Amino acid sequence: WRAAVEARGAYTWGDHAGGNLSTPAGLAAAVARVQNLGTHEIGTASDSVLGVNAGGQYNAQNFLNGAQNMNNWGRALQERGLRGVRYYFHPHHQSYAVITDANNSGMPQHNGKRLMDLIYENIDPRYAFVQTDLAWARHHEALGTNEEYIAFLNRHEDLMEAYHVKGMSGMEEIDCQIPEDLVPWEDFFNTLKHPGRKTYLW
């Protein structure tokens with residue numbers, strides 16, 4: 001696969017099947033996938049793989065643990081000789097819940113933040129980053145207004161290596177730029193600080 005892609009002047013961007021790298025078998029499988037695909041990014045869109053919903057709970061402690069997992073797994077990949085490879089998380093709408101007394105895991109200092117804030121505040125960019133799904137971030141249970149959406153994504157832009165570009169209508173993914181699309185595309189792209197540094201995946 002890698003040879004066929006690289007022979008055509010391209011490379012494979014990312015792999016959602018990164019899995020849990022806390023075991024030797026999981027780490028070995030991820031290393032093999034990176035080498036086979038020739039990618040520099042591997043990660044997951046699974047909350048359970050990252051552990052952010054451990055015990056069926058989306059809470060502050062689970063997201064702090066998830067950030068540490070990302071750092072540890074990215075570091076482990078590099079220690080296996082995969083220079084520059086990092087581990088990413090592709091979050092969905094549950095990850096944008098606001099932290100309150102109900103889900104702060106006994107840490108009221110986090111109240112008022114969103115769960116994803118804890119990922120951004122605690123990942124090490126040498127080893128981890130976030131691939132932002134632009135549709136699920138704009139889900140009505142996530143960043144539910146255009147103002148919240150733009151402000152949050154701008155605040156954490158430096159730790160977003162890539163954007164998965166899709167539209168959102170209510171609770172459904174749709175194609176981009178049709179009338180019922182909730183994502184404020186023009187405002188989003190116009191407020192990016194470094195648009196040319198990002199990868200846009202359709």
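His40 is situated in the loop that joins α2 and β1; helices (H or I, at least four residues) and strands (E, at least two) are DSSP runs, numbered from the N terminus. Please bear in mind that this is a predicted model, in which local features need pLDDT of at least 70 and side-chain atom pairs count only at pLDDT 80 or more, while totals for chains, interfaces and linings use all residues. Residues are numbered from 1 along each chain as its sequence is written, and side-chain values use heavy atoms, with hydrogens and water left out.

Is His40 buried or exposed, or something in between? Its relative accessibility is 42%, so His40 counts as partly exposed; buried means under 20% relative accessible area, exposed over 50%, and partly exposed in between, with a 1.4 Å probe and protein chains only. Leaving aside residues up to four places away in sequence, His40 touches Tyr11, Arg83, Gly84, Val85 and Arg86, where contact means heavy atoms within 4.5 Å. Thr191 lies 151 residues from His40 along the chain, and their C-alpha atoms are separated by 27 Å.

I turn now to helix α4. This helix covers residues 60–79, 20 residues in total, and reaches 29 Å from its first C-alpha to its last, close to the 28 Å expected at 1.5 Å a residue. That expected span is 1.5 Å times one less than the number of residues. Just after the helix, Gly81 adopts a positive phi of about 95°.

Which residues of α4 are buried? They are Ala60, Asn62, Phe63, Leu64, Gly66, Ala67, Met70, Asn71, Trp73, Gly74, Ala76 and Leu77. Their cover includes the helices α2 (24–37), α3 (47–50) and α5 (115–122), together with the strands β1 (41–44), β2 (86–89) and β3 (128–133).

Asn62 deserves a separate word. At 8% relative accessibility, Asn62 counts as buried. Its side chain reaches the backbone oxygen of Gln57 at 2.7 Å; a polar contact is a pair of N or O atoms within 3.5 Å, and within protein one must be able to donate a hydrogen and the other to accept it, with residues adjacent in sequence counting only if both atoms are side-chain atoms. Not counting residues up to four places away in sequence, Asn62 touches Gly51, Val52, Asn53, Ala54 and Gln57. Of these, Ala54 belongs to the loop between α3 and α4 and, at 38% relative accessibility, counts as partly exposed.

How do α4 and α5 meet? Their axes come within 8 Å and cross at roughly 35°; axes are lines fitted to C-alpha atoms, for helices over the stretch in contact, and angles run from 0 to 180 degrees between N-to-C directions. From α4, the contact is made by Ala60, Phe63, Leu64, Gly66, Ala67, Met70 and Asn71, and from α5 by Leu115, Met116, Leu118, Ile119 and Asn122.

Finally, Ser105 lies in the loop between β2 and α5. Its phi is near 55°, a positive value in a residue other than glycine. With 35% relative accessibility, Ser105 counts as partly exposed.
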